[in-house]
Amino acid sequence: MTSHTVPVDPFDLVIFGGTGDLALRKLLPALFRRFCDGQIPAGARILGVARDERSDAAYRELVSDALARASVDTLKPRVAEFLELIGYRTLDASRGEGWDAFAAELAAADATRVRVFYLSTSPSLFVDICERLRAAGLNDTRSRVVIEKPIGRDLPSARAINDAVGHVFEEGQIFRIDHYLGKETVQNLLALRFANALFEPLWNSAHIDHVQITVAETVGLEKRASYYDGAGALRDMVQNHLLQLLCMVAMEPPATLQADAVRDEKLKVLRALKPVDAANANASTVRGQYRAGAANGQAVAGYLDELGRNDSRTETFVALKAEVGNWRWGGVPFYLRTGKRLAERVSEIVVSFRQVPHSIFNGAGGPIAPNKLVLRLQPDEGVKLWLMIKEPGPGGLRLKRVALDMSFAEEFGVHQPEAYERLLMDVVRGNATLFMRRDEVEAAWTWIDPILAAWAAGNEAPKAYTAGSWGPSAAVALIERDGRTWHEDAH
Ligand code: NAP
């Protein structure tokens with residue numbers, strides 16, 4: 001146990017979709033690591049649920065294989081102990097059989113035990129599962145439900161999901177997960193902004209020139225073709241992850257770290273976003289779709305070939321310029337970009353400060369580069385602050401740009417918890433600070449829907465880009481038109 005790990009009380013966690021990709025690749029390995037760290041007590045129960053008939057032993061074997069793939073060697077001796085917490089129940093969200101026995105089993109635990117229902121299934125099952133939980137009397141105050149993205153594909157469908165889940169659970173019991181918010185760097189953004197006197201006075205349009213948020217993937221469609229082709233990058237990434245990151249950068253200081261204090265401030269940012277619609281979508285957004293190219297040194301097919309169709313106009317890349325219309329941020333553009341099959345897998349936030357008002361150095365050592373604060377979310381989480389210093393040594397006063405590097409893994413020499421480790425334990429503890437509230441999700445869709453409508457009305461195909469590049473050239477033009485460039489030297 002690390003010195004600051006606080007064990008939680010025994011709980012029941014039911015993972016609907018316990019045999020699926022997310023459960024086996026992310027959730028169970030995250031729980032295992034929390035268990036190894038001493039945070040999950042032996043009395044906890046973790047139940048996987050799916051439609052397949054399967055014994056506890058067969059499910060444990062499946063979980064054991066998944067842990068072998070995901071865990072470091074030093075933890076492997078503890079797998080058998082962890083598997084003792086794990087069970088499996090066969091239930092179908094769309095059929096009534098078995099639910100009463102399942103409810104009775106859960107009810108047999110002591111009356112104060114927290115119950116978490118993690119809906120790691122297709123969102124089309126969320127409503128059915130919630131209704132069955134209600135019918136089985138499993139929605140009382142000690143129950144919590146976790147729902148995964150996507151929450152809808154536009155405002156009306158998001159409202160329908162929120163209404164249906166809200167019909168069964170109180171808002172305080174609903175944890176809408178966005179795993180980007182569980183990343184160390186994002187929490188460190190809170191620490192940097194609000195635990196240092198240095199940044200907050202500069203955190204406004206008088207001192208910040210612009211902000212960039214990039215979430216770049218090298219992968220293509222993987223196994224998600226039918227979902228992704230119906231969604232596209234704007235819905236899949238911008239509506240949730242990128243806008244949530246934007247909120248964390250742009251929000252006013254909350255009075256406390258309480259969930260609603262933070263979420264109130266994020267909501268104000270979403271509501272202050274200037275509309276992007278038919279009037280300005282052409283100038284403010286770029287959509288792209290990858291063609292054949294290379295990824296990680298290998299030739300890869302284009303999107304349409306991967307999809308096996310030649311008529312899709314789904315965007316696999318989007319770049320856009322957003323503006324937060326309030327006193328703090330007036331005139332400061334937030335450039336967002338995300339895409340598949342890009343040159344590198346990297347997620348980062350770049351806060352670019354203004355140029356010094358006057359140089360006394362007469363060009364020695366080249367121009368003075370503006371300061372940048374670079375928060376890297378992946379692959380290696382860390383923070384760099386780019387500064388100008390005097391180049392060491394004789395030969396006159398020459399300037400040099402250097403990064404103060406606070407790479408977390410090296411600095412602290414500890415395992416960096418995966419986002420799901422943090423977030424799962426937050427659900428058990430009932431801490432919703434890093435989860436999205438209903439009104440945030442709906443405010444995000446309220447901003448996204450007019451962009452989708454403008455694209456649909458414009459009826460233009462997405463711009464082609466070569467797999468392995470940084471997206472269509474129009475995305476470079478989007479930022480260069482404003483006399484700025486995408487940040488490239490953070491790694
Ligand atoms: P998946 O691999 O397709 O798994 C779906 C799971 O649901 C399986 O265990 C499946 O098992 C079960 N299931 C299907 N129909 C069911 C029914 N009627 N009743 C009970 N269980 C049923 O999906 P996934 O990739 O894990 O994704 C799960 C959720 O997380 C989705 O909402 C997805 O959008 C979201 N998500 C996933 C990822 C990721 O990395 N995978 C990332 C972000 C968000 P049976 O067929 O045996 O019932």
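Between which two elements does the loop that holds Thr218 lie? Thr218 sits in the loop between β7 (208–216) and α8 (225–231). Keep in mind, as you look around, that this is a predicted model.

**Around Thr218**

With a relative accessible area of 12%, Thr218 counts as buried, because that value falls under the 20% limit used for buried residues. Leaving aside residues up to four places away in sequence, Thr218 touches Ala295 and Asn296, and also Arg341, Leu342, Ala343, Glu344 and Arg345.

**Around the ligand**

Now let us turn to the ligand. A shell of 21 residues surrounds the ligand, and the closest are Thr19, Asp21, Leu22, Arg25 and Thr121. By residue class, the shell divides into seven nonpolar, seven polar and seven charged residues. Helix α1 (residues 21–36) gives the most to this shell, with three residues.

| Residue | Protein atom | Ligand atom | Distance |
|---|---|---|---|
| Thr19 | polar side-chain atom | oxygen | 2.6 Å |
| Arg51 | polar side-chain atom | oxygen | 2.8 Å |
| Ala93 | backbone N or O atom | nitrogen | 2.9 Å |

How much of the ligand's area does the protein bury? Taken alone, the ligand exposes 880 Å², and the protein buries 76% of that.

Technical notes. Residues are numbered from 1 along each chain as its sequence is written. This is a predicted model: local features need pLDDT of at least 70, side-chain atom pairs count only at pLDDT 80 or more; totals for chains, interfaces and linings use all residues. Side-chain values use heavy atoms; hydrogens and water are left out. A residue is near a molecule or strand if one of its heavy atoms lies within 4 Å of it. A polar contact is a pair of N or O atoms within 3.5 Å; within protein, one must be able to donate a hydrogen and the other to accept it, and residues adjacent in sequence count only if both atoms are side-chain atoms. Accessible areas come from the Shrake-Rupley method with a 1.4 Å probe; for residues, only the protein chains shown count as cover. Helices (H or I, at least four residues) and strands (E, at least two) are DSSP runs, numbered from the N terminus. Ala, Val, Leu, Ile, Met, Phe, Trp, Tyr, Cys and Pro count as nonpolar, Asp, Glu, Lys and Arg as charged, and the others, Gly among them, as polar. Buried means under 20% relative accessible area, exposed over 50%, partly exposed in between (1.4 Å probe, protein chains only). Contact means heavy atoms within 4.5 Å.
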